[in-house]
Amino acid sequence: MTSDQESDFSQIRSRQLLQRFLNNQNANLDILYDLMPWRVREILLVATLYDTFCIEKEGRFTQHILGPEFRHSLINMPRITGVTSPEEALEKLENRKYDLIIIVGGSDKDLPFETAGRIKHIYPEQSIFLLINTADELSWFNEKNSQLKCIDLIFVFENNAKVFFAMVKNLEDKMNVDNDTKVGLIKVILLVEDSAQYYSKYLPLLYSTVMEQTRKIVESGDDPLINKLRQRLRPKILMAQSYEQAIDIADRYRENLMAVITDVEFSKDGVLNHHAGIDLIQHLRKDIPDLPVVIQSSDMAYHKIAYDLQSIFIAKQSETLLSEIRSFLSHQLGFGSYVFRDGTGQKIAQAKTLEEFIKQFNTIPDDSLIYHAKRNHYSLWLMSRGEIRAAKIIFPIKTTDFKTLQEYRNRIKLIIHRYRNESNVGKIIDFSEDALHEESNIVTLGTGELGGKGRGIAFVNTLIYNLSFQDLIPGIHVRNPSTSIIGTDEYDIFIEKNNLLEHLMYESDYPKIRDLFLKGELSYSLLKKLKSFVKSVSNPIAVRSSSLLEDSLINSFSGTFDTFFLPNNHPDSNVRLKQLSDAIKLVYASLFKKEALQCLKLANRKPEDEKMAIVLQDLVGKTHGNYVYPDVSGTAQSYNYYPIAKTRPEDGCVSLAVGLGKYIVEGGKSYRFSPKHPLLDAVTPKYLFKNSQVKFLAIDLEKSLVDMVAEGEYAGLTELDLAEAEKHGILKHCASVYNSDNETLQPGINHSGPRVIDFADILKYEYIPLSRTISSLLEIIQDALGSPVEIEFAVDLNRDENGFASLYLLQIKQLPKSKNVLNIDKTSIDMENILLYSETAMGNGRIDNIYDVVFIKPDAFDKTQTLTIAGELEKINHLLTEENRPYVLMGPGRWGTRDRFIGIPVSWPQISGARIIVEMSLRDFPLDASLGSHFFHNVTSMGVGYFSIQYQGTRDMIRWDAIKSATLISQTKYIQHVRYEYPLEILMDGKNQCALINLNRPR
């Protein structure tokens, strides 16, 4: 590892995961919170009661002034304080600051100016607006104000209550525009109008239209408060009443200027100019040729001039004024669909959604790419849709910054892909066909709880896409396979719709229960989504169980319920739909398997306490002829319960194998190493040769018609010799050649001889940084969960143009913490009183309520009869659990393996009464521990002590004479069950991974 790499990975230890997560989650929200910092919170209303009554004849002035616009946003509703005289107003101003003063002009036309003049004399910066009832009074008030200049703006009510909202928003936009254009790239609409009669109509119209358009675009399924915050993204509306004011605003906010709506006649150089609006547009178009412009006038003669200026003309008297303004904003200013145009401005394509935008962006011609880039259309549209970070990053980027247009195109796509939909990244989103192909999100096909496995998958997905794993873990892509989850509500609907609860009360025969489930019907809503799913997804599918209790820390249930792998390659989509539906029903039914019911009983749960969610995942892997499988699969634990050589428990442990990971979790042979010490040779080459993986699992594409009832979980799978993987070119990075002459391993497969799966090219020569990646992942996820963790993953060894391979996180589980509550003094062990001693043990504390020991007779053990042995154990276990007698279980090889030739292929329910499990090696039968298997995870989650006894080379020991001297309770051909008069004393030192069993003798 280079010094830079060491530095990168050392930073992981100093990371602040929660802060990183919140920073990423709140990246958009932080910007939203920073927008509109200045609000009108206090309004002083100066009017007589009669004047307010004239404006609102029903006498409900406060309700009228606050209106529906404010009631939709209660947190921003201003407080209104009323006074009736200049003296009262000044008294109030002495005790409180008011953001806006509104003076209502009534019968005493001089009073507003007297009041405003006295206030401005003392508080010159105070904002004061005058509200009059009708336009008939405007000329007198305008003339008076031009002399005194003590009122900032005059508004005309004319029975339009929305004018109050416009008054507030006009002031807020003026005060916030500098901040918002810098912080959030907020756009500016410039309204140039000197007539109070018309801007009193235009401003309410503009605000209501802009806010409604913004609301439709930015609202999502998030919290209503977040939707309200997103409405701060609306454009600011600034008003100018003269040519000079308009030029000043346009110059200050040139980069943010979105559109101009202008009258034709207004003041220029201090006098009324009949062509001021035309002059303004001609001036602005010199610097912004494509600036959207609306020219509005009472004189229809300007229609032709507007056309020549490539502007839109709207008559002030138009009966369709509202719809014309709304149409302009929607089609010209980034609201609604994105319209792609060619270099001449002609429409060539349209995109309603961001997904459609990305598809079109990939294919538009270069002249269109340049046309929109020069005008900042991309950032404008993204910002209007709430894609804040993407818009801000894209905004300063120019096509001239790149050698080729394709480089520019790629950069924009990368930015959008990385920052798009930040409100949803790493979250569960509602079903859509487009969403199925986006691996950064989990797609829900049904509501309800996710179950244990689904919850873990959703959590790790959140970590990947909200903690910037590409920064935390450089040199490799950490990803999730495309995943969909059917929540537990669909399980409830299925049970109720098909009246299965009544049958389940009386039926205990699982094959009959399974048939009942297969005959049942899924909900119409789910079937409709599954139909789209099978048409959209062409890869093989893993249909995984995710019950409420599955993969929990207390009750694991790992491997108890069914998982099916579907080739998903039948040419008829209806057949694929039937296969997927049947797989879902069979997973539902597996809640009522004998093993599952026994696990529920052990956990003191009833079947009705459990519910099943379903996880649908694209299978990670590549196609090789008729087979699909990942290059490498593995499990990894952040805490190694059986450390060896120089390793510590905290260094963790990894199990790797070629092909599907089901081979590992069901106890198949795998290669083990510590991710912190990948170069440590813990065993001899000869041992590796004898215990190397020789088979692997793959999806069989020839099984397009799978029989899940007859073949169970292996219906879509096949077991292959590793010679097949070598033909496919997989072993070149995964195997070494064993030289029996000198008992050495030669990395690679360029030599003749037996292949040993040791992943030397990956672990020793770092073809990819796998060990460092796994070590970092375990640290990060353990920190995130707050306990030791196990992960399942698959690796695609193909490297992209940057030299990066991909590691897919498939699942995470919590492991129990080591309590370290007991310490065994190895120097004071009484060997005469000992029954068993192990220096490789898992467990904590003291147990003194066990009298029974069940063991496989070493002299009778036959590795070809392990299935028979498992059956005998099940019967003994049943009797002991019925009597509520916990016991010590001892036997050779790996417990819970699927490979019956390397251990005893029991499932957890078959030995569920065992409180201590001992795995041991015999002279001709080596021991390979069960770490990483479903069986082992159940053992750890149940708090079962787990001891390993090696035949030779350690201090481990078993006193067979003391065992055989106990009272014989029963025996079979392969098993003995003995009982002691006094309870055994079992001591487990979790810190030092050692344990012993003492014989308790009478005093």
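K973 is exposed, at a relative accessible area of 59% (exposed means over 50%, buried under 20%, partly exposed in between, with a 1.4 Å probe and protein chains only). K973 sits in the loop between β43 (967-971) and β44 (975-989). This is a predicted model, in which local features need pLDDT of at least 70, side-chain atom pairs count only at pLDDT 80 or more, and totals for chains, interfaces and linings use all residues. Residues are numbered from 1 along each chain as its sequence is written, and side-chain values use heavy atoms, with hydrogens and water left out.

**K973 and its surroundings**

- K973 touches K857, A860 and E872, leaving aside residues up to four places away in sequence (a contact means heavy atoms within 4.5 Å).
- The side chains of K973 and Y974 make a polar contact of 3.5 Å. Such a contact is a pair of N or O atoms within 3.5 Å; within protein, one must be able to donate a hydrogen and the other to accept it, and residues adjacent in sequence count only if both atoms are side-chain atoms.
- F861 is 112 residues from K973 along the chain, yet their C-alpha atoms are separated by 9.2 Å.

**E172 in helix α9**

- E172 belongs to helix α9 (residues 162-183). Helices (H or I, at least four residues) and strands (E, at least two) are DSSP runs, numbered from the N terminus.
- E172 counts as buried because its relative accessibility is 2%.
- Two polar contacts involve the E172 side chain: one of 3.5 Å to the side chain of R39, and one of 2.9 Å to that of K169.
- R39 is also among the residues that E172 touches, with M36, W38 and V40, when residues up to four places away in sequence are not counted.

- Helix α17 spans residues 366-374, and its buried residues include S368, L369, Y371, H372 and A373.
- R375 lies in the loop between α17 and α18 (377-384).
- R375 counts as partly exposed, at 26% relative accessibility.
- R375 and P289 are 86 residues apart in sequence, with 9.4 Å between their C-alpha atoms.
- N376 follows α17 and has a positive phi, near 55 degrees.

**Cavities**

- There are 5 cavities of 30 Å³ or more. On a 1 Å grid over the protein atoms alone, a cavity is a set of points where a 1.4 Å probe fits but cannot get out; lining residues have an atom within 4 Å of a point.
- The largest cavity has a volume of about 360 Å³. Grid points are joined across faces, edges and corners, and the volume is the space filled by probe spheres set on the points.
- The largest cavity is lined by 29 residues, of which R544, F565, G661, K662 and E792 are the closest to its centre.
- At least two lining residues come from each of β19 (541-547), β21 (612-618), β24 (632-637), α29 (662-665), β32 (789-796) and β33 (806-814).
- The lining has 11 nonpolar, 10 polar and 8 charged residues. Ala, Val, Leu, Ile, Met, Phe, Trp, Tyr, Cys and Pro count as nonpolar, Asp, Glu, Lys and Arg as charged, and the others, Gly among them, as polar.

**The whole chain**

- The chain has 37 helices and 45 strands.
- Of its 1003 residues, 57% count as buried.
- Among contacts between residues at least 6 apart in sequence, 72% join residues at least 24 apart.
- The accessible surface is about 43300 Å², and 48% of it belongs to carbon and sulfur atoms (Shrake-Rupley method, 1.4 Å probe; for residues, only the protein chains shown count as cover).

Key. On a 1 Å grid over the protein atoms alone, a cavity is a set of points where a 1.4 Å probe fits but cannot get out, and a pocket is an open set with protein on both sides within 12 Å along at least five of seven lines; lining residues have an atom within 4 Å of a point.
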